[in-house]
Amino acid sequence: TFQDGGEEVEDGAVYNVTLKKVQIQQAANKGARWLGGEGDQLPPEHTVRQYETSKIRAIKAGTLEKLVENLLTAFGDADFSYISIFLATYRAFASPRAVLELLLDRFGNLETSSHGEVANLNSLESEMVLRAEIASVLRAWLDQCSEDFREPPDYMCLLKLLDYLKNNMPNSDMESRVQNLLKQFQNQEVEAVDGFCSTSSSGLVDGEELEISNPEEFSSFQDHVVAEQLTYMDVMLFRRVVPYHCLGSIWSQRDKKENKNLAPTIRATITQFNAVTKCVISTILGTRELKIQQRAKIIEKWINIAHECRILKNFSSLRAIISALQSNSIYRLKTTWMFVSKDVLLVYEELSEIFSDHDNYLTSRELLMKEATSKFANLDSSEKENQKKSQKRLQLQKNKGVMQGTVPYLGTFLTDLIMLDTALQDYVEGGLINFEKRRREFEVIAQIKLLQSSCNSYCLIPDQKFIQWFRRQRHLTEEESYKLSREAEAAADTNILSPKSQKSMVKRISTLFLGTDVFTPPKEQPPKSSPVGGSSGESTDSASVSSCEFNHSETEDVCVTPVSSPEDPLKKSSVGSDKGYDSDKGSISSDKGCSSKGSVSDPGSGSDSGSIPSRDSGSVPGSAPRALPVYNRQSQGSCIIRVSMDGLHDSVYKSILITNQDRIPDVTQRALLKHNLEPDAVEDYELVQVISEDKELVFPRDANVFYGMNSHVNFDFILRKKA
């Protein structure tokens, strides 16, 4: 049992004291044998236990001198993890040279040592004890943090250490080890830590140039091969990560001009992450000539690759791929996404849930710790088909007998360490270094080290063909990808509304939302037709609001009118006047003439594809596994909101479909596009929900609109320019 023993204060140090009660032996008595005991042992019912209380001293704060001195006394104070904690975190408050000089000059010089034990006991035994303590610290330093001594071209610390060993521990194993390490550093050429993820021309074979991906070449790589090669590159970089580079006090200084070369191992990992993300975007958008179905196939391929990364427990590339697919330029390809297989979409949703930001990314944290040292991934899927597919792939891995490590998304640890650095003080009262802060940081560092050691389990062979292809990819800028995204969606809209593709469009939309063919294709709005509701601005009896926002392009909003059912009658809503309706982009339908806009038939009514009755016939679908999102009701993680511009009549609005993944910048940008405003001006506008005539709900900049909105009032929003 443990008991708090308070604090002990010394000159230049504060210690936490814990009292530990431990059992030391069983007592016997003279009548043990008569009571049935063997030897001197008593039967259990007559056992007498003896305990002793030991004191554990753990330094809480101190000067640098005291912290270094504590390296030599920590084992005597029963603080067994102190040396590892100090070596992993001391770079936040001291340099290797300062620590080495204190350790060797002040405590290692046996003739002038001021170490307490040696000062009073000037004996050979005490000298041997001190020499053993210093050797133990130096051995741990070389084992755990040999990179601290890499200081080209002079290697001052390593030479100082070697000189000390020659004088005090000649011909020892330690001396040989330091000599070998010095030769290794001197003989090694300068290596670029980002060699596997460089996209510069220097990493290419002579004569090669950066190029936009050829879809056929990309399709030639099997999904598991791509995942394995991405994992290979991630493993090589993650194993090189120097843990102290992740400390918040170090990583937070990276943007300063003088620190452009700070933490190169972290920068290399981030560069690789960004390279994967940009590769996903360029393969999807880089070729203008792709048809909708071809682009959808590439999206499906990347989702399958992400699933393979999940099987390999590579959470870095997995998150990079998911982030790319959730980027604005890919996410907005609504028409293309409708051609993605339903089963693949379910896989995508499950993979996206891993990185949900709910409760400080609790899901990904728990999963990472659960699989940190497991031999294989633990794949649980809510969908039977996905579960069967995952288990089949996993079984193949197990049959090969190849264990896997775990590659984490490093950003989670960097965030935690920066938060710790911000929340806890570096120094406490008296100017003492706050070592309790370093103990907290080491809890995160220890997780990184554990995962690095697990990566030794991987047995992956580089595929030079893929690596060369990956290096050759020319990455699109944000402006280029957004421009190509708009062009692709505009072309998709033009194609999807042609008579040739109307039938397949009808089937795709109905399968995605209702699981059956129930929609009529959208028809062209006759030019110069009167807007629904007339010019008077009066409301009409409308079945629903219009735009389901399958795309965000400026060409045309494809609309589907939801169906009312006896069990869940659709809410009535008024639609805009002529001010809020553009006949060229029309997407509002009502009972008056709605047969030309998203009419719905009953699949059990016996009508064929050539004769679909209008909603006026009163028919309803026999079954609807997925309800369509509608205005004024949140259903299955989505709903439709109305957004009007501040200063205009509230009847002049645009309908926008939002999901439970949408945040304020995304919704604001889409609202600006709908209102034909510059989408890059997101920072200049704020989105508010109208609660009543005198009350509004203002959203924080990065809020989740779906969860943050008031669902008990109308889903009416105003887009207002910031003051």
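Me: In which loop is the place of Gln 636?

Reply: This is a predicted model, in which local features need pLDDT of at least 70, side-chain atom pairs count only at pLDDT 80 or more, and totals for chains, interfaces and linings use all residues. Residues are numbered from 1 along each chain as its sequence is written, and side-chain values use heavy atoms, with hydrogens and water left out. Helices (H or I, at least four residues) and strands (E, at least two) are DSSP runs, numbered from the N terminus. On that basis, Gln 636 lies in the loop between helix H23 (499-513) and strand S6 (638-645).

Me: Does Gln 636 count as buried or exposed?

Reply: Buried means under 20% relative accessible area, exposed over 50%, and partly exposed in between (1.4 Å probe, protein chains only). Because its relative accessibility is 57%, Gln 636 counts as exposed.

Me: What is phi of Gln 636 near?

Reply: Most residues other than glycine have a negative phi. Gln 636, a residue other than glycine, has a positive value. Its phi is near 50°.

Me: Does Lys 313 count as buried or exposed?

Reply: Lys 313 is in the loop between H12 and H13, and its phi is also positive, near 60°. Its relative accessibility is 0%, so Lys 313 counts as buried.

Me: Is H12 roughly parallel or antiparallel to H13?

Reply: Axes are lines fitted to C-alpha atoms, for helices over the stretch in contact, and angles run from 0 to 180 degrees between N-to-C directions. Helix H12 (residues 292-311) and helix H13 (residues 315-325) pack at about 155°, with axes 8 Å apart. Angles under 35 degrees count as roughly parallel, over 145 as roughly antiparallel, 65 to 115 as roughly perpendicular and the rest as oblique. H12 is therefore roughly antiparallel to H13.

Me: How many residues of the contact of H12 with H13 are nonpolar?

Reply: Contact means heavy atoms within 4.5 Å; the residues making it include Trp 302 and Arg 310 of H12 and Phe 315 and Ser 317 of H13. Ala, Val, Leu, Ile, Met, Phe, Trp, Tyr, Cys and Pro count as nonpolar, Asp, Glu, Lys and Arg as charged, and the others, Gly among them, as polar. One residue of the contact is polar, one is charged, and the nonpolar ones number 10.

Me: Which peptide bond is cis, with omega near 5°?

Reply: Most peptide bonds are trans. Pro 153 is in the loop between helix H5 (124-145) and helix H6 (156-168). The cis bond runs from Pro 152 to Pro 153.
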